[in-house]
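Notebook open. Time to go through this model piece by piece and jot down what I looked up.

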Amino acid sequence: MSRQPLWRRVDFLPKITSFKPAGVPLAQLREIRISVEEAEAIRLKDLEGLEQEECAQKMNVSRPTFARILLSARQKMADALLNGKAIRIEGGNYELTKRSFRCGNGHEWDVPFEVMIKKPPELCPTCNTANIMTLWPWRSGLGMAVQGRQFRGGRNYRRGGD
Ligand SMILES: [Zn+2]
């Protein structure tokens, strides 16, 4: 049975995920949610200036799918900008192209997407300790699908703003 790709691949997570218009009382504020893959589509096409075909390949989706994601993202951003709505970037159907890990003895390593979906790491490849944690993504508040177990203990995730 062949495995259909379910996840859009994302190479980047924005550190700041929430924006709001100045001078609008919180109670009156309406919020637009932009998914992480929509933000990635904007980044690849509009910031990096790649061709749609290239963007689609990077995100592991068809070109029409990429075009749909991009259009949705642009419409939401236009709506927020022109109608004074807040933006929150979160959630979606995506998988990061890699995860970075660190063990309790300070070794760091990356695990690519292809390996991650088959077998998330349980031991440090250098010293074999099971005391490992996720180093990147630095936080889990973006609605990502965590494959395998959550890593507990030593949660020294970078919180941004440093
Ligand atoms: Zn180690």
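**Sheet.** I started with an open sheet of three strands, ordered β2-β4-β3, and its pairing is mixed. The edge strands are β2 (18-19) and β3 (31-34), each of which pairs on one side only. For the labels: helices (H or I, at least four residues) and strands (E, at least two) are DSSP runs, numbered from the N terminus. Two strands pair if DSSP finds at least two bridges between them. I checked β2 against strand β4 (residues 86-89): they pair in the antiparallel sense, over two bridges. Serine 18 stands opposite arginine 88 in β4.

**Ground rules.** I'm working on a predicted model, where local features need pLDDT of at least 70 and side-chain atom pairs count only at pLDDT 80 or more, while totals for chains, interfaces and linings use all residues. Residues are numbered from 1 along each chain as its sequence is written, and side-chain values use heavy atoms, with hydrogens and water left out.

**Confidence.** The chain averages 82, and 81% of the residues score at least 70. Confidence is highest in helix α3 (residues 63-83), with a mean of 97, and lowest in helix α4 (residues 113-118), at 81. Over residues 140-162 pLDDT stays under 50; the model has 43 contacts (heavy atoms within 4.5 Å) there beyond four places in sequence.

**Zinc.** Which residues coordinate the zinc ion? I found Cys103 (SG), His107 (ND1), Cys124 (SG) and Cys127 (SG), at 2.0 to 2.3 Å. Donors here are N, O and S atoms within 2.8 Å of the metal (3.2 Å for Na, K and Ca); water is not among the atoms, so sites may look incomplete. Their spacing in sequence is C-x3-H-x16-C-x2-C. Histidine 107 lies in the loop between β6 (98-103) and β7 (108-112), and cysteine 124 in the loop between α4 and β8 (132-136), so this pair ties together parts 17 residues apart in sequence.

Why call the site tetrahedral? Because the four donor atoms subtend angles of 101 to 113° around the zinc ion, and four donors count as tetrahedral if all angles lie between 85 and 135 degrees. The ideal for four tetrahedral donors is 109.5 degrees.

Buried means under 20% relative accessible area, exposed over 50%, partly exposed in between (1.4 Å probe, protein chains only). Cysteine 124 is buried at 0%, and cysteine 103 is buried at 2%. Histidine 107 is partly exposed at 26%, as is cysteine 127 at 29%.

I get zero, counting pairs of cysteine sulfur atoms within 2.5 Å.

Technical notes:
pLDDT is the predictor's confidence in each residue, from 0 to 100. Four donors count as tetrahedral if all angles lie between 85 and 135 degrees; four count as square planar and six as octahedral if opposite donors are over 155 degrees apart and all others between 65 and 115; anything else is irregular.
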